[in-house]
Amino acid sequence: MYKLFFRLVFTRMDPEEAHHLAFRWIRLASRVPVLRTFLAALAPRYEELRTEAFGLRMHGPFGLAAGFDKNAIAIDGMSMLGFDHVEIGTVTGEGQPGNPKKRLFRLVADRALINRMGFNNEGSLAVAARLASRTPVFRTVVGVNIGKTKVVPEDEAVGDYVKSTERLAPYADYLVVNVSSPNTPGLRNLQATEALRPLLTAVREAADRTVRTRRVPLLVKIAPDLADEDIDAVADLAVELGLDGIIATNTTIAREGLGLTSAPSLVKETGGLSGAPVKARSLAVLRRLYARVGDRITLVGVGGIENAEDAWERILAGATLIQGYSAFVYQGPFWSRALHKGLAARLRTSPYATLADAVGADVRKTV
């Protein structure tokens with residue numbers, strides 16, 4: 001039914017406007033007790049999928065990737081739909097409108113999106129205030145993804161990330177340093193280890209002095225476009241600095257070699273490509289990371305995950321957690337339910353007693 005609705009309604013709307021409309025419906029549903037109870041019942045939890053990552057217990061491994069809920073306004077709504085964790089953001093030190101519209105494009109034939117949103121968000125102060133005043137309806141893990149304010153020069157980026165950390169770390173179950181969006185000039189330069197080392201060190205120190213009652217897990221999110229030697233360098237740095245995890249991967253700027261069949265006018269739009277076409281590269285990056293770091297840090301697989309088979313493949317490749325976003329646009333509100341059901345079925349018929357046993361199993365066979 002959703003696919004028919006998508007074709008008849010959403011495809012006739014501007015993608016960003018459709019996103020805001022769906023967002024309003026989800027928020028409204030989460031505020032109506034009877035409706036949210038009904039919808040939550042349609043997204044059942046499976047005991048065998050319970051997951052622990054960087055000291056946090058979750059109902060399962062599948063979460064909502066950053067980019068959907070930039071300002072922390074629909075955490076309960078997304079948990080209601082079955083996401084086991086919700087990563088908000090990307091949040092910048094100061095609020096900013098993002099890039100000029102039109103900035104979000106559907107590549108329906110490729111089950112993909114191109115976005116050049118440019119970290120449009122209300123800023124760390126406003127988001128922190130919203131998180132502080134939140135009264136959760138559903139228990140869920142909340143990650144906070146932070147990035148660089150566009151007008152802040154690259155050589156002042158550390159201070160900008162520290163500002164966001166000091167404001168947001170008290171409300172984050174885990175914190176993500178995003179240095180991999182292609183839509184903020186100079187941001188991806190921060191993935192180079194000589195720039196990444198002082199940035200991650202400063203964020204870790206800021207989180208520790210701001211939150212003294214617990215250790216806030218710290219992760220970094222990388223691009224699929226990194227060369228293999230740069231992936232290895234980031235992996236080694238993450239282990240050296242004692243990071244809690246790496247999220248692999250963000251969107252890609254690549255277009256060639258992805259088999260895209262959408263209209264050339266869409267394919268040539270600038271911005272980050274997400275969805276099915278990035279599946280193979282994101283999986284390859286994940287495999288390489290796990291081969292490098294093993295179980296020393298937690299890996300989060302994201303990029304092109306559409307169904308339970310994709311999720312299971314990422315787990316076998318080394319992901320303890322998995323995330324999605326683009327497929328939600330195409331598959332609708334019961335996507336998480338279907339993925340959980342299929343993932344539980346795969347675990348039951350596998351040789352592994354738990355999901356944790358399955359993490360990285362395919363990679364371990366080859367090393």
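This dialogue walks through a few local features of one predicted model.

Q: What should I know about the model and its numbering before I start?
A: The model is predicted, and local features need pLDDT of at least 70, side-chain atom pairs count only at pLDDT 80 or more, and totals for chains, interfaces and linings use all residues. Residues are numbered from 1 along each chain as its sequence is written, and side-chain values use heavy atoms, with hydrogens and water left out.

Q: Where does R36 lie, and is R36 buried or exposed?
A: Helices (H or I, at least four residues) and strands (E, at least two) are DSSP runs, numbered from the N terminus, and R36 lies in helix 3, residues 33-41. A residue is called buried under 20% relative accessible area, exposed over 50%, and partly exposed in between, with a 1.4 Å probe and protein chains only; R36 is buried.

Q: Which side chain of opposite charge is nearest to R36?
A: Lys and Arg count as positive and Asp and Glu as negative, while His and the chain ends are not counted. A salt bridge is a side-chain nitrogen of Lys or Arg within 4 Å of a carboxyl oxygen of Asp or Glu; R36 has none, and the nearest side chain of opposite charge, D76, is 7.1 Å away.

Q: Which residues does R36 touch?
A: Contact means heavy atoms within 4.5 Å, and, leaving aside residues up to four places away in sequence, R36 touches A29, S30, R31, M80, V137 and F138.

Q: Which residues form the nonpolar patch on the surface?
A: Patches are made of residues with over 30% relative accessible area and no salt bridge, where like charges are joined within 9 Å and nonpolar side chains (Val, Leu, Ile, Met, Phe, Trp, Tyr) within 5 Å. Here L28, V32, V34, L35 and F38 form the patch, with about 480 Å² of accessible area together, as given by the Shrake-Rupley method with a 1.4 Å probe, where for residues only the protein chains shown count as cover. Helix 3 supplies the largest share, three residues, whereas L28 lies in helix 2, residues 15-31, and is exposed at a relative accessible area of 52%.

Q: What is there to notice in the backbone?
A: Most residues other than glycine have a negative phi, and most peptide bonds are trans. A72, however, has a positive phi near 60 degrees; A72 is in the loop between strand 3 (62-64) and helix 4 (75-80), and is buried at 7% relative accessibility. A cis peptide bond joins K101 and K102, with omega about 5 degrees.
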